[in-house]
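User: Please take a close look at one single spot in this structure. Then carry on through the other parts in short, plain steps.

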Amino acid sequence: MPPTAEHKASPSGRTESWFARLNITGLLARQGILVAFVIFMIGFTVANERFLDPDNVMGVIRSSAILGVMALGVTFVVISGNLDLSVGSMMSFSTIVVLDLHDKIGPALAIPAMFAMTLCLGALIGFLVGYLRLNSLIVTLGMLSAIHGLTLTYSGGKNMDIADKEGTWFGVFGQGDAMGIPIPILLFVLLAALLGAVLSKTPFGRKVYAVGGNGVAATFAGIRRARLVFCCYLISSFCVATAGLIQASRSLGSQNTVGQGLELEVLAAVILGGASLMGGAGTIFKTVIGVLILGFIQNGLLLVGLQFYVQYVVTWIIIILAVWLDIAAKRGKLWSPIA
Amino acid sequence: MKLNSTLASATAVLALTAAGGVAADTMKIGITQNNVGVDSYQTTYEKAFIAAAEANPDIETVVLDAGGDVARQIAQMEDLIQQEVDSIIIWPTNGEAVIPAVRKAHNADIPVIVTNSNIAEQGFDFVASFSGPDNITQGSRSAEIMCDKFKASGIEDEARIVQISGQPGYTTAIERAKGFEDRLPEVCPNVTLVETQPGDWNREKSQKVMEAFLVKYDDIDGVYSGDDNMGVGALNAAKAAGRDGIIFVGATNFSVGYEAMERGEYWGSIYQSPVDDAEAALQTAVDVLSGKDVPFLNYFDTPKITQDNMGEFDKPVF
């Protein structure tokens with residue numbers, strides 16, 4: 001970036017830059033999605049005063065944590081310029097596996113075993129996309145159904161339930177709390193902080209943006225793209241395993257289809273947060289906002305008590321409005337036809 | 001030709017009366033199932049169906065599974081017609097889309113038995129019999145279980161309940177909700193159903209829905225769920241929020257629901273056995289083929305199960 005551009009960003013020097021940054025247009029342009037989020041929160045609060053009840057807010061964040069943890073990993077994959085549609089199936093897999101192993105080898109061994117198996121799936125996808133250079137949409141769409149089949153084969157189609165629900169400490173990841181904060185939220189926040197730092201503060205994170213933004217240039221800059229893409233899928237599968245752990249621990253039992261359809265919700269949250277499907281753009285913070293918007297919309301519509309046929313439509317309208325507000329803020333105008 | 005068929009039916013009758021008699025003409029029955037393996041109910045159903053067929057030496061079966069795919073199910077119907085089976089049992093993947101295939105079998109003089117969930121009404125003319133649970137009765141029985149419990153607790157005049165229904169658009173979901181909503185005011189006219197939201201047959205989704213209900217309403221006395229999987233999700237939400245004394249009633253008693261009943265946390269449900277379902281379907285096909293008078297809607301019984309009488313029932317395998 002040429003130095004003049006930086007000067008333009010704060011034209012009147014240090015003393016006024018504080019104020020300049022606080023102006024509304026600037027805020028909108030940088031954080032359109034955050035503004036949209038605040039607007040919806042106010043709207044729902046007006047419609048039902050219980051919406052901002054601390055118990056409700058905690059509840060929504062806790063139940064968004066599973067989706068959220070998965071979205072963190074997918075953010076890496078999307079920024080690196082690929083897609084991951086396998087996360088829903090993979091989450092069902094992790095959940096079923098850890099529940100099954102819990103009764104066979106005990107929770108202390110079941111958890112690492114489940115993580116290892118899930119990471120193997122991530123490694124397989126990373127290998128196919130990174131080293132064989134297959135299209136990520138095709139690979140992960142295929143894995144969506146392949147892993148579903150694997151899960152059904154593994155479980156024989158049965159619901160998986162922990163036999164002794166009272167006598168296990170396994171429930172702590174989904175039901176426990178520390179200092180009044182539910183553990184799923186803590187895990188979500190910790191993982192978001194960690195992955196956010198990796199993405200924005202480390203050389204690895206910068207390489208993720210570089211590969212997604214301009215792959216050829218990244219190669220010329222000496223970045224090993226295959227290895228980087230491989231690592232992004234590993235991160236994604238690690239997040240899925242964590243989500244599966246929370247899910248399994250929360251209900252101590254599960255259907256085979258527990259994660260079905262989540263891949264699209266995850267992708268919606270990531271895109272809603274402003275990550276570009278073309279790669280190279282997006283942040284962990286914005287993904288978290290995207291996840292929360294989806295969670296609070298679902299909850300808000302339930303509290304308002306709209307008939308559920310209407311809810312599907314309203315959900316769509318709110319998402320489109322949020323994306324529009326975000327993009328309009330970036331462009332500086334609402335009306336923007338394809339020229 | 002005529003002689004042949006007379007002979008055939010004569011031997012069939014013989015075979016039926018003289019149990020396990022000389023190698024008679026076997027009945028070849030084909031079945032195309034909805035989606036085996038997607039849940040334990042369907043998995044158990046298939047096992048029970050095969051076991052029942054093997055136990056009867058006069059039956060030969062062709063067991064197929066559509067994997068939830070309408071197109072595949074239609075192709076399977078055509079295969080079965082080509083193979084000239086004597087009867088076809090279908091567990092429809094879609095109540096509308098399979099009708100042309102059912103008509104084709106009907107036109108080929110192959111009696112079609114629909115199992116578990118019926119096809120749409122415009123296809124009834126091509127169906128010999130429907131064998132399955134009566135979801136409307138299930139819904140109204142759940143209403144009775146709920147109401148009886150309210151009366152026993154003396155709150156039948158002020159109780160407020162919420163409903164978590166199955167996936168919107170599913171016949172089973174619609175019929176159970178209708179049965180419940182119609183019956184409840186008849187038995188407990190002063191109980192208020194304050195809200196209904198779908199839980200999509202999904203435990204986690206139902207837990208979320210129930211969390212929202214608990215925030216929204218300070219006073220909930222009962223929860224009716226379209227199946228036990230959703231009911232247990234709602235129960236988990238209430239337990240997490242520390243709200244005691246809510247009466248949970250479901251349908252399709254799952255093992256998780258049965259266990260929750262054993263713990264005294266879940267009041268009652270409707271006992272629907274996939275084994276009964278499978279055996280009833282096979283028996284209906286056999287009855288139709290041996291010329292018995294079979295009612296068009298051939299329901300198998302799905303009794304009430306509560307904490308009081310659960311000892312009479314085995315724990316569900318699914």
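Analyst: A:D177 is found in strand β2 of chain A, which spans residues 177-178. This is a predicted model. Is A:D177 buried, exposed or partly exposed? Count the C-beta atoms around A:D177. There are 14 neighbours inside 10 Å, so A:D177 counts as partly exposed. Now set aside the neighbours within four places in sequence. A:D177 is then in contact with A:P182 and A:I183.

An unreviewed UniProt entry lists the feature "transmembrane region" at several stretches of chain A, among them residues 137-157, 178-199 and 226-246. Two of these can be checked against the model. Residues 137-157 of chain A are 90% helix and 0% strand, and the end C-alpha atoms lie 27 Å apart. Residues 226-246 of chain A are 100% helix and 0% strand, with 31 Å between the end C-alpha atoms.

Next comes helix α13 of chain A, residues 262-272. Its buried residues are A:L262, A:E263, A:V266, A:L267, A:A269, A:V270 and A:L272. Just after α13(A), A:G274 takes a positive phi of about 100°.

Now look at where the two chains meet. The contact draws 26 residues from chain A and 24 residues from chain B. On the side of chain B that touches chain A, five elements each supply at least two residues: α2 (40-55), β7 (192-198), α7 (203-216), α8 (228-240) and α9 (255-262). Which of them gives the most? That is α7(B), with eight residues. By class, this side of chain B has 10 nonpolar, seven polar and seven charged residues.

Stay with α7(B) and find its partner in chain A. Two packed helices are described by the angle between their axes and the distance between the axes. Helix α4 of chain A, residues 54-79, packs with α7(B) at an angle of about 175°, and their axes are 10 Å apart. Angles over 145 degrees count as roughly antiparallel, so α4(A) is roughly antiparallel to α7(B). From α4(A) come A:D55, A:N56, A:G59 and A:S63. They meet B:K208, B:E211 and B:V215 in α7(B). The residues of this helix contact divide into one nonpolar, three polar and three charged.

Chain B itself is split by the domain assignment. Domain 1 takes residues 2-133 + 274-300, and domain 2 takes 135-271. Their C-alpha centres lie 34 Å apart. Four residues of domain 1 are in contact with four residues of domain 2. On the domain 1 side, one is nonpolar, three are polar and none is charged.

Finish with two loop residues of chain B. B:D109 is found in the loop between α4 (99-107) and β4 (112-115). Its phi is near 60°, a positive value in a residue other than glycine. B:D109 has 8 other C-beta atoms within 10 Å, so B:D109 is exposed. B:N116 is found in the loop between β4 and β5 (129-132) of chain B. Its phi is near 70°, a positive value in a residue other than glycine. B:N116 has 24 C-beta neighbours inside 10 Å, so B:N116 counts as buried.

Conventions
Residues are numbered from 1 along each chain as its sequence is written. Chains are lettered from A and ligands numbered from 1 in the order in which they are written. This is a predicted model: local features need pLDDT of at least 70, side-chain atom pairs count only at pLDDT 80 or more; totals for chains, interfaces and linings use all residues. A residue is buried if 20 or more other C-beta atoms lie within 10 Å of its own, exposed if 12 or fewer, and partly exposed in between; C-beta atoms are placed from the backbone. Helices (H or I, at least four residues) and strands (E, at least two) are DSSP runs, numbered from the N terminus. Two residues are in contact if their C-beta atoms, placed from the backbone, lie within 7 Å. Ala, Val, Leu, Ile, Met, Phe, Trp, Tyr, Cys and Pro count as nonpolar, Asp, Glu, Lys and Arg as charged, and the others, Gly among them, as polar. UniProt positions are given in the numbering used here, feature names are shortened, and annotations may be inferred rather than shown by experiment. Axes are lines fitted to C-alpha atoms, for helices over the stretch in contact, and angles run from 0 to 180 degrees between N-to-C directions. Angles under 35 degrees count as roughly parallel, over 145 as roughly antiparallel, 65 to 115 as roughly perpendicular and the rest as oblique. Domain bounds come from an automatic or database domain assignment.
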